[in-house]
Amino acid sequence: MPSASNSQKFDRERQIAYFSTCLQQLPAPYCKLDTNRLTMVHFCVHALDLLGVWDEMEKQNVKYSSFVEANNIIEWILSTLMHIDNNDPQEAGFIGGTFLPPHHKYHHSHIAMTYTALCILQTLGVDVRNDPRIPQTAIIRTLRRLQQPDGSFASTIQGDGEHDLRFLYCACCISYLLDDWSGIDIPRAVSYVRNCRSFDGALALVPHGGEGHGGSTFCGVASLVLMNQLYVIGEDADWKASLLHWCVTRQQKQGLQGRPNKDEDTCYSYWIGATLRLLGYDAGTGNEDDVLCFLDHAELRSFVLSCQHPVLGGFSKVRNTYPDVLHSYYSLAYLSLSQKYRQDTQMKKDLEGVSLKALNCTMGIGQASILAEEGFRPLL
Amino acid sequence: MHGRKREQYKALQRDPAVVSKLAAKAQQWHTLVREVLAEDSPPQRQLALTEKMLFVNPDPLYLWNIRRRVLLSLQNEAENDNKTTFLSNELGLTQAALENNPKAYGAWLHRKWVLSSSVMISSSTDDTALLENELQLIQMFLQKDERNFHGWNYRRFIVSLLLGDHPDDTNDNVEAFDASQIVVTHKRVRAPATTDRRHEILQAEWDFTQQKIQDNFSNYSAIHYRTRLFPWKLETTFDVETLLTEEWSMILNAVFTEPDDQTAWWYAQYLLRNGPRDQAFYPHLIQTQVIEPLRELLLEAPESKWVPLGLYLLLDAFPDPRTREERQQCLATLQITDADRKQRYEYLLRQLRAESLGDISTM
């Protein structure tokens, strides 16, 4: 059982302060992520969403810092759009930030930035499927150019970056959000996922020899769900059993590790937790095997909460160090996810009665952002 | 941001002298970035600048990207003689970068690109020395961090070059040893290795995993690589019985030493499914050299979680009604020793019951 001295109480106010501050300014070590600034905004915006801040602001006219302002964020994101002329299919997508002047020869959209941009815009109330400011068709055409013969996706049309399962996941999320699958050759994509399968049932970042890893396992499984192809695992009893087993055995004492014999790390509580939830769901029948209960959530929550920074807010990767935006977001995402675990009486106590907004664990953002009523195919 | 340079962050908060020094550094950096990115920046200048900057900070992918573009544009004018300079410059830079940050994606990618580009310029035996040298370098990186998957992936990439496997030909039916992660601008022209040479290369890899496993059986990355090599090893070994005996002996040693280290158990699962099941000796070997000893270990290590779980999984790999009760007993034990995951074992018990019902319905 978790010891009381390890765990901290969830501090909603401090978490809101952390993410709001990060939206405003990040400390020097984040310079390396300047070209990925959009991903930092993604984590902050969606964290504030799960914490109920945007809803609160809208419905109760509550104000937070001036940086927590939807319209400004929307405008900034749109300013990173690579190409807005729908008739010119050269390239369309989002850039990671405004670090280059417009029309610079080195400007290229990046698939992960397009993915995060569309998620943020959707969450902040933009109808990404129909909004005329977004070149939906051109973005999908660009996806087609990014897909490689082996089914993977490059991140930029230059193609000289890596291609791995992360970018396939981004492609699937983009296609889902824009409800247009003409940019992905699904059979090829599925064969790429299959080829990433490691001997232990987990998925590696790259095929034909990579080691199974929590992050890539999530990316592959979630991609299959988005492409409506989860049956390739579901119908393979061996694969499903070994993958379930692999996920469950990532929990050693309290937290989850990303690979066998590595250290516990808060972000895997989301990557592995979400994977388990997706695996337990039989989309065909609508039946749910509550395999999420295979994890010990009391211990897991205790670990995650022990990584909450008592002064700064946020969550760190491991205990007793500083928080960072990525681990903070995925810790919060996990805490939301763990609310779905049915048999949990410890839950309310751990979160001090705070209820986080429901998470869509396929997309990794709030469920409310992608409602069936708005034409989105229901997803876990 | 994965938990690096926390001391730097702390210093920022407290020491004004450090703050102003860092501010000056940031200013310098910005000036350099502006110059590199300027539209009219001369290629040679861009090379000089990116080299300087990447030496200090190997993380920004865009600096590596710019460098590659410039090198490609200059390559059209270059002669084969310049290959040596190109190689030594880029290998030197990426090595320095990786020593700075052994997980810098950009540096690994760049080095892969350099190697791919080099071996396609000429497919001579000179390249073998170059490639073998890369294997030595990987040894060094894996010595520092035996789980660095960049290092392991890169090793597999080099081996695929040595073997002359051609990832561009990869389709679902032909499994290249390691599909390169990058799009190479030209097709590789290196000839496939001869059968003997192939054997030599893969045997060296097998021995390498052996060495890493001996250093530390917990090294999951080494075991993982071994599973990639095992099909080849099985196919090319004459005395299969000795091979399997030795592999299982390795596993049992590990398990008896540290029953709750999961690495050995994962390899056991793998060997059980991928060993020579069609050969008569194998079931007997499993029964006498694996299952029997594990049953004894179960008695000696009643608190262990992995022994009953491992035994259950091994027995379950070949569902036999005669082992059903034993499997149930393992799960029942686990519900006590690993009570926090009771539901997991309940789920497996349910499956066992379904299995027995299945038997009844087919009777």
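Start where the two chains meet. Select the residues of chain B that touch chain A: 59 residues of chain B are in contact with 63 residues of chain A. Keep in mind that this is a predicted model.

Now show the surface of both chains. The size of an interface is often given as the accessible area lost when the parts come together. Here chain B and chain A bury about 5800 Å² between them. Carbon and sulfur atoms carry 52% of that area.

Next, look for charged pairs across the boundary. There are two salt bridges between chain B and chain A. Select A:Asp238 and B:Arg273 to see a salt bridge. Their closest N and O atoms are 3.5 Å apart.

Between chain B and chain A, 16 residue pairs are in polar contact, both residues at pLDDT 80 or more. Then color chain B's side by element. Helix 10 of chain B gives the largest share of the side that touches chain A, with six residues. Color that side again by residue type.

Now move to helix 11 of chain B, residues 240-257. It has 18 residues. From first C-alpha to last, helix 11 reaches 26 Å, close to the 26 Å expected at 1.5 Å a residue.

Which residues of helix 11 of chain B are buried? Among them are B:Val240, B:Leu244, B:Trp248, B:Ile251 and B:Val255. B:Glu247 is buried too.

Last, show what surrounds them. The buried residues of helix 11 pack against helix 9 (195-215), helix 10 (220-236), helix 12 (262-274), helix 13 (281-300) and helix 14 (306-316) of chain B.

Terms used
Residues numbered from 1 in each chain as written. Chains lettered and ligands numbered in written order. Predicted model: local features only at pLDDT ≥ 70, side-chain atom pairs only at ≥ 80, totals over all residues. Heavy atoms only, no water. Helix = DSSP H or I, 4+ residues; strand = E, 2+ residues; numbered from the N terminus. Expected span 1.5 Å × (residues − 1). Buried < 20%, exposed > 50% of the residue type's maximum accessible area, 1.4 Å probe, protein only. Contact = heavy atoms within 4.5 Å. Buried area = accessible area lost by both parts, 1.4 Å probe. Salt bridge = Lys/Arg side-chain N within 4 Å of Asp/Glu carboxyl O. Polar contact = N/O pair within 3.5 Å; in protein donor to acceptor, adjacent residues only side chain to side chain.
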